[in-house]
Amino acid sequence: MCAHSSSGIEITEKIGDKLYPFIAKLFQEVVDFDQSQTLKNQDSYLSDNFYQLKSQFESLSNYEIKLVFPSVLSVFNTKDKLDLKPSVDILELQQLTQKKEKLISTLVQEIKAETNKMGMPHEHPLNQLFFVFENLFVYEKKQWHNMLNGWNLGCSCFSSAQKNSSFIENLK
């Protein structure tokens, strides 16, 4: 097993087991709070963007928890096992997640701008969701990508993983 596996396990658990469920809970709080209020009483632009943000987040979360994190962690199990060459392109997985993360950030900014124009009260749960996305989500995802980049440059397991991208080709 690669020496980087413990840090890999730690960060994937932090994001997948703590941050993502916390954000999902915040989405539910917004939905519960707004059953008959702000989102439903506004034009469909705000509501549509909110539900698109929710959908994009759920898609990213599922993609990472079910595919990306297990794939990254499985790379660590290939050390000293030349016959178990990884069949995943970590860089390609990283690029796909970064596209979703950029879309999520754009949607957060659009929704935030719209709610600011409306004069939404500070105590509305959307404000906490904005804060978490703009701070915790951005920070943890930056840490994740920095760690992956470091592994891609300095870990023999990850160097080996980049030599075979047939897994990603099968997804397309």
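Biologist: In which helix is the place of His 145?

Modeller: This is a predicted model. Its chain has seven helices and zero strands. One of the helices covers residues 125–154, and the place of His 145 is in this helix, H5.

Biologist: Does His 145 count as buried or exposed?

Modeller: A residue is buried if its relative accessible area is under 20%. The relative accessibility of His 145 is 7%, so His 145 counts as buried.

Biologist: Which side chain does a polar contact of 2.8 Å join to that of His 145?

Modeller: Leaving aside residues up to four places away in sequence, His 145 touches Gln 94, Thr 97, Gln 98 and Glu 101. In H4, Gln 94, Thr 97, Gln 98 and Glu 101 are among the residues that meet H5. The polar contact of 2.8 Å joins the side chain of His 145 to that of Glu 101.

Biologist: How are H4 and H5 oriented to each other?

Modeller: Two packed helices are described by the angle between their axes and the distance between the axes. For H4 (residues 90–118) and H5, the axes are 11 Å apart and the packing angle is about 160°. Angles over 145 degrees count as roughly antiparallel. H4 and H5 are therefore roughly antiparallel.

Biologist: What is the handedness of the crossing of H4 and H5?

Modeller: The residues that meet at this packing include Phe 137 and His 145 in H5 and Ile 104 in H4. The crossing of H4 and H5 is left-handed.

Notes
Residues numbered from 1 in each chain as written. Predicted model: local features only at pLDDT ≥ 70, side-chain atom pairs only at ≥ 80, totals over all residues. Heavy atoms only, no water. Helix = DSSP H or I, 4+ residues; strand = E, 2+ residues; numbered from the N terminus. Buried < 20%, exposed > 50% of the residue type's maximum accessible area, 1.4 Å probe, protein only. Polar contact = N/O pair within 3.5 Å; in protein donor to acceptor, adjacent residues only side chain to side chain. Contact = heavy atoms within 4.5 Å. Axes fitted to C-alpha atoms, helices over the stretch in contact; angles between N-to-C directions. Parallel < 35°, antiparallel > 145°, perpendicular 65-115°, else oblique. Left-handed = near helix turned anticlockwise from the far one by under 90°.
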